[in-house]
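The entries below are in the order in which I looked things up.

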Amino acid sequence: MVELDHSFATTKPVDETWQSILDLERLVPAVEGGRVIEQNGPNSVKAEIKVKMGAMSMTFTGTVTVTEQDEAAHRAVMQVKSKEAGGQGYANADVVFTLSDGGGTLHTAAQISGKAASMGEGVVVSVLDALINDFTQKLAAI
């Protein structure tokens, strides 16, 4: 299990940011290599992400679901479950967004297996960290 914490800043009002993170059709493509394939329900989408790890490129397909929403606290929990296309591996994560005026925090707890995990925890952490840092920069724009 890999756990990462990030913070982000935005000039948008907290309610506007709250609506943006709950809109998975807008949120998922803000992750580099991420795209929504189809809507599964009001709080869930089927999605795909292409990830580059060193010389390897992998595609993971699965679901992103909002499992908890606390509008008063501006706290949302999302669950990502995905399998590696053509491989045995998976990448699952629980992501907790906590928003406040001017930004918020993101806590990611990820479990990764297969080819990606075989590259070593250091590589996994650096790739995840870079993906999330890029994502937090884009959060202000969505």
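Before listing a lining, I noted the terms: a cavity is a set of grid points where a 1.4 Å probe fits but cannot get out, and lining residues have an atom within 4 Å of a point. I also noted that the model is predicted.

Entry 1, cavity. I searched for cavities of 30 Å³ or more and found one. For the largest cavity I recorded a space of about 690 Å³.

Entry 2, lining. I counted 34 residues around the largest cavity. Nearest its centre I found Val31, Ile49, Val80, Ala93 and Leu131. Sorted by class, the lining comprises 25 nonpolar, seven polar and two charged residues.

At least two residues each come from β3 (44–53), β4 (56–70), β5 (75–84), β6 (90–100), β7 (103–112) and α4 (121–139).

I then turned to Val124, which lies in helix α4. Is Val124 buried or exposed? I recorded a relative accessibility of 5% for Val124; the cut-off for buried is under 20%, so Val124 counts as buried.

Leaving aside residues up to four places away in sequence, I listed Val2, Met53, Ile112, Ala116 and Ala117 as touching Val124. I also checked Ala55, which is 69 residues from Val124 in sequence and 13 Å from Val124 in space, C-alpha to C-alpha.

Terms used
Residues numbered from 1 in each chain as written. Predicted model: local features only at pLDDT ≥ 70, side-chain atom pairs only at ≥ 80, totals over all residues. Heavy atoms only, no water. 1 Å grid on protein atoms, 1.4 Å probe; cavity = no way out; pocket = protein on both sides within 12 Å on 5 of 7 lines; lining within 4 Å. Points joined across faces, edges and corners; volume = space filled by probe spheres on them. Helix = DSSP H or I, 4+ residues; strand = E, 2+ residues; numbered from the N terminus. Nonpolar A, V, L, I, M, F, W, Y, C, P; charged D, E, K, R; others polar. Buried < 20%, exposed > 50% of the residue type's maximum accessible area, 1.4 Å probe, protein only. Contact = heavy atoms within 4.5 Å.
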